[in-house]
Amino acid sequence: MASTQNENAPPGNPEPAPKPVPKPVAKPAQKPTAKQAGARPTTSAKSTTAPGTSATPVTSSSANRSVTKQVLQGKNDELQDENARLKAQLLQANDARKAAEQVARDAEAAKKVAEEKISSGGRDLTTIPKPPASEMNQGDRGRLMRAMQLEEDKPQYLAIQATVHELVIRVGMNLDVPYIKQPAELLGKLFKLSRRRHPYLERFQSDWPTAELTKQFLQNKRKHSNRKRKAQENDSAQGGSRKRTKSDDVEDSDEGEEPDDEQDEDKDET
């Protein structure tokens, strides 16, 4: 029947040709995933290789680390060299400072010696040892003053004597205790303060004039204390009936003063 229709179709309109049927495109076979295959998925390392370049070999990373280590080592060596240089400069500066301080001390000492020589009238300023006992016992009064080479400068001797008396009390010595039993630290402090007050004493070995003045002072103090105690005992024994004499009043009035060491020097010195 189809052919009949074709034959009866008008001659001017030919029948259009049938359209070609597209062929089915076969999909590419998908690979099974790691989960489907039962295998543990692996994480692939991200590539840091730029497109179009080959992967960097492992030896290049080791070379970079080696170069970095060498650079750091070089910096460390430079810092150590700089540190050593600065230490050397510091030592030189310290040595120079110490040398300058020593020069200043020497100059001050020389100045002090010159001033002492001028003030002492040109007397010998070398260290003076303690004279032997036989020499110390020669003569009448003023033996210690002569031994200190101050027989022509009695005011200075009396000033030194007064300073020693003051410092004995200031440093806290027990006036009832003999010199030989006084603490060494108190004696050392007494000697140091005496030299500071009177630089003239620096010329004597082992501070022997200061020691002698201290012995006299302590001995006279003990004598004064003993006389006062005996007087009080006599008053108590007599029931206070004894009348006070003029000498008692003088002794009480002189309680805060020191006896004249110059007068007792002949008896006290050994």
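View 1. Gln182 counts as buried because its relative accessibility is 6% (buried, under 20% relative accessible area; exposed, over 50%; partly exposed, in between; 1.4 Å probe, protein chains only). The model is predicted: local features need pLDDT of at least 70 and side-chain atom pairs pLDDT 80 or more, while totals for chains, interfaces and linings use all residues. Residues are numbered from 1 along each chain as its sequence is written, and side-chain values use heavy atoms, with hydrogens and water left out. Gln182 belongs to the loop joining α5 (154-170) to α6 (184-197); helices are DSSP runs of H or I with at least four residues, numbered from the N terminus. A polar atom of the Gln182 side chain lies 2.9 Å from the backbone oxygen of Val177. Beyond neighbours within four places in sequence, Gln182 contacts Met173, Asn174, Val177, Leu187 and Leu218 (contact, heavy atoms within 4.5 Å).

View 2. Buried residues of α5 include Tyr157, Ile160, Gln161, Val164 and Val168. After α5 comes Gly172, with a positive phi near 90 degrees.

**View 3. Ser206 and Asp207 in the loop between α6 and α7 (208-237).** Ser206, not a glycine, has a positive phi of about 55 degrees; Asp207, also other than glycine, has a positive phi near 55 degrees. Ser206 counts as exposed because its relative accessibility is 67%, whereas Asp207, at 12%, counts as buried.

Notes. Helix = DSSP H or I, 4+ residues; strand = E, 2+ residues; numbered from the N terminus. Polar contact = N/O pair within 3.5 Å; in protein donor to acceptor, adjacent residues only side chain to side chain.
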